[in-house]
Structure formats: structure tokens, C-alpha cells
Amino acid sequence: MATAEQGQTQNSQLLHCLSLLSAETRDEDKFAALLILPRLLDHNNEETLRYAFTGMNWRFIGRLLAAKPNDGLPADTLHAIAVHIIASFCTDAELCAKQEMHGMVPGMINLLVTKEDEVAESVLRCLSGIVLTDVGARIIDASHGLEALTAVIKSDHKESNRSLGLNILRQYAHWLTSSNDDNAHAQAISQMMPSLAHVFANEQGQLKFEAAETIASLLAGWQGISIQEPLPSWGMDLHQGLKSLMSSKLSPPHRDLTFLLVSTILHVLHHQFLSLSSDHKLSTPRFVALLLHTSCAEIRVVLDEIDSMKQSERERAQGILPLCSQIVESCIKWMCESEGLEMPLVESMREALAGMWDAVGSYLDEIYAKYQGDNDYSHIDNITTASILRLSATFLTEETSIQISKTPHLLALYILVCKQGLTSLPAHPLSFLHPVLASLTSERDVRDTFLASGGPNAVMSFWFQLPTDMSTANLKLGLAGILLNVVATGRVASDNAAKQMWIRFLESLIADCSMVQISNADEEVQGCLIALAVLIAREVQPEPPLLNTLVGIAIQYCIGGEGDIWGLCIMGEVHVSPMLTTQ
């Protein structure tokens, strides 16, 4: 009975408070009501909370947020009252999505800009709820909230406020990813990264890891054009912060976060990021070596144990293997471009790669054996196997001492994924397999297997999907390298169906050759494509109109670039081939 009476009394007091907030009452009455109201709200009572929200005089709350020092009561007191009321409703996700709450955002962000320490924490807690809604995130951005929040995380003297600011920016980064707005994402990276990277580089406690998580969230969702040289100034802070992390003993969760952060940075800044130098005691080559050793060891351990893992461990493996694979790929590319490295360091890195390769080769052999056993392509088409396949291709392209015969299923896997594709990756497998296939098919045995397994048809089918312009010139140059090795065998037209496929490809190739001449593309690209077309024409003997077009393109190229190696090859084919000289 007492509880029921108490509830009725509280409800009557709530109704009285709301009545005092009507437009007709004096400001003094409204102040009194606002001071009492938070004590009457039960956050566990959804109905009461929403009733109070509906009855709130939001116009008056907005006036308090915008109060100036000469408005009677001290402005900071008025601001604190307003923010305290708003915070009372921010525990409810549905209320945070209301228009009335969004209307309070500009005023609250202004309080952060004017650095009112008394209300900053309450404002940040309010924004933490509002940023979780689509419109709320947009309003925070439109109200210059990103600038205010980055100022908080960089300079606020209260660590709790900086932590709240980082959390809001992290939630905003999650929203950016779901919005698929590349322009907004690019602008956010420009606005947020300098301060985030500064915190990451200079903090050593929990804030460092919170900054790392926020940076990873912001960069992981970025699907726009990767940033090329010159690298942004905040890249140095990221480099400094990572060196500090990698030279420390990390817990497993923090180690995983580091892998995620490095991978997302490399996604945006490429492996050139690894070449930055800083004042940290860990030199850049040793930093890269440490990254390589740690990532290779992680890959080796996970692949060795993946079959016996529990479900939770397997889920972690599915997340960590693609990250470590990308890191190792970037380290390999960095090694290939670096000069003057100390031999002991190079040898230790090669040992790490060799140990990793043993695990990678065994894993891919097992995967192919499973596929052969039940013909289930999902053994191959998943993010774990796809990332390991990509890593193997990068490794074998640079590590020429490895014989493909020692991994008998690898070439078969490469050809299979080229023909069937990989839905687990955003790009066609040939976009990353073409360098290793161009290298491998220079060997006769591999080339014969590639030809017999339908590899050239897979390459040509992918070529047909590419645009007839220079946006994919480097990719087509790589694909042409594979087909040049195949055409050199003189066995491309084994039957009429094969011949028709090559003639269709020749037509597409000639269209590309015309395009590269019109666009004044790089001579290497022009020469390679024209040479490939001439060699194919020699084998399949197309109809005169198509041949005449090719001869005209070839002669025009040779006249303009006889000194080029491709020009000499093309001239030789044009003059030596009986089929061509008749035209």
C-alpha cells in the first residue's frame, strides 16, 4: 500500500512539475520544476520517462543552453540545468532519435567549444547516446561536432572526458561505414585523424588503446581511393605510436587490436607507410622485422591449430588471418623495395617467411584435398582460405627459390579460383594472382598444366569483363604477361572452339590496342599488348579485315618507337611471319 501511494505521489509531483514548465508560467517556476524533475524520473519506467519527454518545454531548454552571462542567473548554472535535463532522457535510445533531442545538439556542442568544464562530461554523455542514431550522427557533424570532439580528446585535462570523446568518435566512425558516403568519410578522416593520431602517439595508458580502436574503426570502413604519396603528416604519429606498441608486451586482446590497426593503416597508406622514420628508439627496419616476425608467427600458429580449435577460437582465426596476411604482404613488398638492409636482419626475416610458408603450403594442400573429397567449394571460397591464397601468391612472386612442384595442389587451386572466382573477396582472384601466374607459367611444366587445365580461358574471360580504357592498364599488362608465356608454346588453337575463343580475345585486344594509342599510354603497355596481339594472330590466322587493323596499329607503333624492345619484337613478327607479310 505504501509503495502504491508513494507512486501516486510521485506521479502527481511529476504532473505538477510539467505544468510549471508550460509557456504561461514564470521563469522562476520553470527553474524550480527543472531542479526537481530529474529526481522524479525513473529510468526503469519507460512510460513515465516518455510522458515527461512529451511534456517537456524544449523551447525553454534551448533558451537555457544559449544563455549568456548577462541573462540574470550565472550562465554556467543555466547551462548545467539544461544539460542535466537532456541527460535524463539520453538513457533511452528511442528518445535519443527524437527531433527535440537533435535540436539540442548545436547548443551542447557550443558548450564544448567554450570549454565549460562543469558541464562537459554531461554533454559528452548526452552525445554518446545521440550519435547512435542516423540523424543524430549527421547533426553532430553538421554542428561542427567533430572539431569540438577532437579538441576534447587532445586537450581536455580529465581523462574520463577524453575517453567519452573517443567513444563518440568511434561510434561516429561506425555510422560512417554504414552510410556508404565516401565524401563524408574522406572529410572525417581529414578532420579526425590528426588529433586521433596525436593521442595514439603520445599516450601510454588506456587512452592509447581507445585511440587505436577509434582509428581502426575510422579507417577500416574506408572504401574510397587509398591515400598515395606524399603521406599525410599524421602518418608519422601513427608510425610513432605503433613502434611504441610493438616494443611493449601486449595482452592478447591488445595484440589483436594492433594487428587490426596495422592492417587498416596499410589499407589506406599502403606499404610506403612502413618506410617512415621517427625518433623512436626502434629503427624502421627493425620495426618492420618485428611486424613481420609477429605476423608470421601468428599465421603459423593459427594454421597449425585451426582444425582443433573451438568455435570461438575459429571465429577469432577468421578475423586475424586476413589481417596478418595483409601485414606480411606489405612487409614483403617493403623488403623488395628497400636497399642497404643489414644481412642479419634480412636473414631473420627470410627465416620467418620460410617458417610461415611451411604452414601455408600444408594448409592449402589440406584444403584442396578436402575439396577433392566432397567437391564443396566453400572449403576454398571463405575469407580465411582466400586471404592465405593471396598471401601465397605474393610470397611466391618474390621468393623464386620455392619450387611449385613441392606444393602440387597450389597451381590447381590457383587455376580453380581463376575459373570460379571468390565471392569472399571484393576483387577477382586474377587481380592478385596475375604476377605469380606470369612468373610460374614461364616454366614449361607449369605452363603445360596451366594450358591443359583451361587457365588461358579463365584469363581471357576475366579480360572481357574489364573496361576498354586505360583505367586497368597495369592489370591488363600483368594478364598479358601470362598469355604471352602461353602463346609462346604455339599450341593455343588445339581445336576449333579454342581457336574461336582466341579470335574473340584478339578482337578485344585489338580494341584495347587502339585505345592505348589514342590515350598515349605508357609505351610498355602499348608494346606488350600489340606484341601479344601479333603473336596470337600468327597462331589463329584471323580474317583479313581484323588482321589489317592489327598490322596498321603495329606499324604505327613501330614507326614511333623502333628503339623500344617491343617495337623490335613486333617488327620482327611483322616481317618474318609469312601470314603477316602477305597483308
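Predicted model: local features only at pLDDT ≥ 70, side-chain atom pairs only at ≥ 80, totals over all residues.

The second largest pocket holds about 250 Å³ of space. A pocket here is found on a 1 Å grid over the protein atoms alone, as an open set of points where a 1.4 Å probe fits, with protein on both sides within 12 Å along at least five of seven lines; lining residues have an atom within 4 Å of a point. Grid points are joined across faces, edges and corners, and the volume is the space filled by probe spheres set on them.

Residues are numbered from 1 along each chain as its sequence is written, and side-chain values use heavy atoms, with hydrogens and water left out.

Around this second largest pocket there are 14 lining residues, and Ile306, Arg314, Tyr363, Ile367 and Asn382 lie nearest its centre. The largest share, four residues, is that of helix 18. By class, the lining has four nonpolar, six polar and four charged residues, where Ala, Val, Leu, Ile, Met, Phe, Trp, Tyr, Cys and Pro count as nonpolar, Asp, Glu, Lys and Arg as charged, and the others, Gly among them, as polar.

Which residues lie nearest the centre of the largest pocket? They are His267, Gln326, Glu329, Lys333 and Arg390, from a lining of 38 residues. The volume of this largest pocket is about 1700 Å³. Helix 17 gives the most to its lining, with 10 residues. That lining divides into 13 nonpolar, 20 polar and five charged residues.

Let me turn to the loop residue. Thr114 sits in the loop between helix 7 (99-113) and helix 8 (117-130). A polar atom of the Thr114 side chain lies 3.1 Å from the backbone oxygen of Leu111. Between Thr114 and Ala148 the C-alpha to C-alpha distance is 9.4 Å, with 34 residues separating them in sequence.

Finally, confidence. The mean pLDDT of the protein (the predictor's confidence in each residue, from 0 to 100) is 86, and 89% of its residues reach 70 or more. Over residues 578-583, the pLDDT is below 50.

Conventions:
Contact = heavy atoms within 4.5 Å. Helix = DSSP H or I, 4+ residues; strand = E, 2+ residues; numbered from the N terminus. Polar contact = N/O pair within 3.5 Å; in protein donor to acceptor, adjacent residues only side chain to side chain.
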